[in-house]
Amino acid sequence: MQAEEKFTAETWPTAPERATLEGKNKFLGFWLFLGGETVLFASLFATYLALKDKVPNAEHTLAKDLFDLPLVFAATMLLLTSSLTSVYAMHHMKNFNFKKMQLWLGVTVLLGAAFLGLEIYEFNHYVHEYHHTFTSSAFGTAFYTLVGFHGGHVAFGLLWIVTLMIRNSKRGLNLYNAPKFYVASLYWHFIDVVWVFIFTVVYLMGMVG
Amino acid sequence: MANQQPNSENPRIDIEYRRKKSTEEMRYQIISFTLMIFLTLVAFFAVGYDGFSGWFTVPFIILLAVIQVIFQLYYFMHMSHKGHEAPALFLYSGVLVGAITLLAFLTIIWW
Amino acid sequence: MSTYAQKQGFGATIWDYLTTVDHKKIAILYLIAGGFFFIVGGLEAMFIRIQLAVPNNDFVSAGLYNEILTMHGTTMIFLAAMPLIFAFMNAVMPLQIGARDVAFPFLNSLGFWLFFFGGVFLNLSWFLGGAPDAGWTSYASLSIASEGHGVDFYALGLQISGAGTLIGGINFLVTIINMRAPGMTYMRMPLFTWSTFVVSALILFAFPPLTVGLFLLIFDRMFGGNFFDHTMGGNTIIWEHMFWIFGHPEVYILILPAFGIFSEIFATFSRKRLFGYSSMVFATVLIGFLGFMVWAHHMFTTGLGPIANSIFAVATMAIAVPTGIKIFNWMFTMWGGSIKFTTPMLWAVAFIPSFVAGGVTGVMLAVAAADYQYHDTYFVVAHFHYVIVGGVVFALFAGAHFYWPKMFGTMLNEFLGKITFWLFLIGFHLTFFIQHFLGLMGMQRRIVSFLPGQGFETGNLISTVGAFFMAVATIILLINIIMTTVKNERVGNDPWGDGRTLEWALPSPPPFYNFKQLPLVRGLDAYWLEKMEGKKGMTPAEPLGDIHMPNNSFIPFVISLGLFVAAFGAMYRAETAWGIPVLIIGLLITLGSMAMRSIKDDHGYHIHKEDLMDDDDNKGVKA
């Protein structure tokens, strides 16, 4: 099956992301990469947990006084919903409906950008209200590193999806770009998976004390 | 190839069958999304509510997170589909290595 | 058609190698770059031995000595052993599974250039104010306190080259899972392919902790972080854990491919099927698995407590079991075989006692209570040189001789090869055997000099003499390589005459598309099976058809160059005005070239059937 071949909804394969050898390789390679990312984030979580509330003196704010539940809840809802919208996008990709796929990817990007905006606001808030900075304590360094790595992943994911959308806006779907859209959505879900643990381990467990 | 479209004489019937399958799948995904939102709400309430001790809340919310991630992996990321044996093997190996790292950092770093 | 094999000018050849995505050419790049760093690391080793030849020596200053020993370890592990192993994996593994290329040819090239620029960056530290001096393990309290930019070079350089290694690992895994020839089931894969598979999985899971560890170090040293600063609540032990969670699998990443190479050599030159193939596969997987459970045995003396120490001690000793299975299987492979003592076989035979000696001291070190005595002495130095030189370096030498004809189409001289072997073997044992006793007598690791009258003089002198033997052996190998290349006597498909696996069914070197028709694999040792039935080559599994090939690309080079530039910017950010702009320019180069890659479609090209039929090297068989 040729990557450049033109398709209709009838001839479009059921698993377009894996219909070519290149697609299969991309699909598997990306999953393996996610396996490695799991270890990467586990290491960051481990570091954070080892350094949680480790501050040089009593004047520093600790986790339970720092976090703000409504803000985290809003961020969580944004990201969870963006995960659903990217599922919608892939649903339309499999049905060979390019327009709707682009639409839902667009919604995903907007939600992701809103999440990122909230995170920037949140960091800014901690720095100015609580003097909880990257350099103020080991707790601060570990917190900003873990959450910042996740934020960096979100930013990269946005850049990636937007590039894909612009690049393919005139061309529609084919077996060359279908795997690209598919792995980008896998990446986006993985970001969400990591966030589930961040809001649980960092924020909620931080509130518990 | 295992993932090609089913060989049917009539592409029309074929596509109707596929549309039906994928709508069905979409329904599962909506259900899992609803459950995920629900689990998140429960977790936030458990933390916000003062009646529980930390010894209950922490394991409880971690359990909720794990359940939620399983939904995410199997429904949103399609790990329930065929052809995900190798991804599952490597993902779980990563989880294992990560879990050992976490365990070590929680138990033998105490200074 | 012969247009694919035209004679090229020098400039065109260089350009070809800068842009190549062919796994066989990337293998040659890894071999050259890895070989270069091996010589650099070897020179550093010689300086160490010269400094320690006599008591109170002042050949180098103490500060310089710290830099030399740090760079010796770092270079040998990351820039010599790893890439040389990658050279053989790239050269041989796709051929062994009957694939036309790796899964991600572009990423394969990117992996190489990242490693290369990372290695160059690290070594430029010598000319830019001093090399890292905190040991190859770079323990945090020491590396945070280290002045100058040495440790920054270490952290940034390894970060870049580590990314390349991770990419390479994923590439090999996908290749093996998705691209095996028809009939090549997992349990028919040659042992070298199996070890590549397991090692790539180890890379996938071991390199992320290194990445994180290096980020923590970079943040602490360059961006005011406090991970390791106890006055700010930090904890220096975190680095040790992170480093060894990576570092212990890393030593298996080095040794398992060595096991793979030796397994091929034992079977080939005993002219017998490898004894206990399935138990060998099982042992390889088990070693890979256990490799993640034992890292803290490097940290017995940090005070983890008796329970943790006991768990890690027992887990460590458990690794001796699968390793023992392998040793016995190799011996049983030779037993009753019709053995030919070629140069690769000599290395393989010498490997067994040398490596077992290293294994035995490994079990001694695994006894946590006893380790308090051995820790940070020359006993440890002797132990890990016995496993890494006696295992990995022996395998690299053996593999170089064994696969040279497949990579370059000409045989290394056997006579010179045997001289290299004997000199190196004698030199190796002279250098390191005595170090066990120096260690037990109390000589510490990493010290710049020792005093007379403490009983260390003779041992150290012997050790230095041995090092010169190894240096001469390496020089003879280089002479051998030059002579062979100049003579350039071409050889056929199976120059050893006893090749068992698919790579020997192909011309030496193979055409750039490897297999005109994918072979049908009917069992373990696929080529041997066909030869035993009197056939000349493999039965094709498909009719002759067009072959899809990837295009060459210069982008991997540019992506890596961008990170190289950015690393300088990051390092000099604080003290110079140009730091930040350079950092941004470098990142823009990288991101821009990545964007170019994704925006410009690259569908590759096809070699047409007619052109393949005209290729007269080997006539296509019509299926």
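Select C:Arg597 and C:Asp602: their side chains meet in a salt bridge, 3.2 Å from N to O (a side-chain nitrogen of Lys or Arg within 4 Å of a carboxyl oxygen of Asp or Glu). The count between domain 1 and domain 2 of chain C is 1 salt bridge. This is a predicted model, in which local features need pLDDT of at least 70, side-chain atom pairs count only at pLDDT 80 or more, and totals for chains, interfaces and linings use all residues. Residues are numbered from 1 along each chain as its sequence is written, chains are lettered from A and ligands numbered from 1 in the order in which they are written, and side-chain values use heavy atoms, with hydrogens and water left out.

Next, colour chain C by domain: domain 1 is 3-553 + 602-614 and domain 2 is 564-601, with bounds from an automatic or database domain assignment. Their centres, taken over C-alpha atoms, are 31 Å apart.

Now show the contact residues (heavy atoms within 4.5 Å): 15 in domain 1 of chain C and 11 in domain 2 of chain C. The two domains bury about 1300 Å² between them, 72% of it from carbon and sulfur atoms; this is the accessible area (1.4 Å probe) that two parts lose on being put together, summed over both. Select C:Phe121, C:His149 and C:Asp602, which supply 38% of the area that domain 1 of chain C buries against domain 2 of chain C, more than any other three residues.
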